[in-house]
Each structure stands twice: as C-alpha cells, then as structure tokens.
Amino acid sequence: MKDSNSFVYNVWLIILLVAAYIWPIFGLVPAIYLFIKRKDEQLEKMQGLITLALIWQIMLCL
C-alpha cells in the first residue's frame, strides 16, 4: 500500500476514517494513524476530518 495513487490505498484510508468515527475505543488507533499520516498528498483534503475524528474519539473515551 505504498503507492498513494492506488485504489486499494485510497479505499483503506476511507475505511480507517470511517472506523475512527464509529468505533468508540478501537477507533482511536485508526484516528491516531491517520493523524500521523495527514501530510500524505491523498489526505491533505481530509485534514479537518481527521482532526475531528481524533477529538471525537478522545471525547468518547472520556
């Protein structure tokens, strides 16, 4: 999944973002992963959503 233009990579990023919003505790891991990878060219447009997902998961854990 190193090729950032591949279809599988793009779908994987979308699945991680959805998981970061849905799963209360396990969603923290994909949210952190996406937050670390947010400088990727495919994720530049979703930086706000990634940050919101991370904040949402922290709020759910509290």
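User: How many of the 62 residues count as buried, as a percentage?

Analyst: Of the 62 residues of the protein, 29% count as buried, where buried means under 20% relative accessible area, exposed means over 50%, and partly exposed lies in between, using a 1.4 Å probe and protein chains only. This is a predicted model, in which local features need pLDDT of at least 70 and side-chain atom pairs count only at pLDDT 80 or more, while totals for chains, interfaces and linings use all residues. Residues are numbered from 1 along each chain as its sequence is written, and side-chain values use heavy atoms, with hydrogens and water left out.

User: ok, and how many helices and strands are there?

Analyst: The protein has three helices and zero strands, and it reads α-α-α along the sequence. Helices (H or I, at least four residues) and strands (E, at least two) are DSSP runs, numbered from the N terminus.

User: Why does the radius of gyration agree with a compact globule?

Analyst: A compact globule with 62 residues would have a radius of gyration near 11 Å, and the protein has 11 Å, so the two agree. The radius is taken over C-alpha atoms, and the globule rule is 2.2 Å times the number of residues to the power 0.38. Along the principal axes, the C-alpha atoms fill a box of roughly 35 × 15 × 15 Å.

User: Which residues make up the largest nonpolar core?

Analyst: That core has 12 residues, namely Tyr9, Leu13, Leu16, Leu17, Ala20, Ala31, Leu34, Leu43, Met46, Ile50, Ala53 and Leu54. Helices α1 (7-22), α2 (28-36) and α3 (47-61) each supply at least two residues of this core, and the largest share, five residues, comes from α1. A nonpolar core here is a set of buried Ala, Val, Leu, Ile, Met, Phe, Trp, Tyr and Cys residues joined through side-chain atoms within 4.5 Å.

User: What does Leu43 touch?

Analyst: Not counting residues up to four places away in sequence, Leu43 touches Leu13, Leu34, Lys37, Arg38 and Ile50, where contact means heavy atoms within 4.5 Å.

User: And Ala53, is that buried or exposed?

Analyst: Ala53, which lies in helix α3, counts as buried because its relative accessibility is 1%. Leaving aside neighbours within four places in sequence, Ala53 is in contact with Leu17, Ala20, Tyr21 and Ala31. The C-alpha atoms of Ala53 and Tyr9, 44 residues apart along the chain, are separated by 19 Å.

User: Switching to Gly27, where does it lie?

Analyst: Gly27 lies in the loop between α1 and α2, and it is buried, with a relative accessible area of 0%. Leaving aside neighbours within four places in sequence, Gly27 is in contact with Ala19, Ala20 and Gln57.

User: What about Asn10, which class does its 25% relative accessibility put it in?

Analyst: Asn10 lies in helix α1 and counts as partly exposed because its relative accessibility is 25%. The C-alpha atoms of Asn10 and Ile50, 40 residues apart along the chain, are separated by 15 Å.

User: Last one: how many positive and negative side chains are there?

Analyst: The protein has 5 positive and 4 negative side chains, and the centres of the two sets lie 7 Å apart. Lys and Arg count as positive and Asp and Glu as negative, while His and the chain ends are not counted.

Terms used: The place of a charge is taken as NZ of Lys, CZ of Arg, CG of Asp or CD of Glu.
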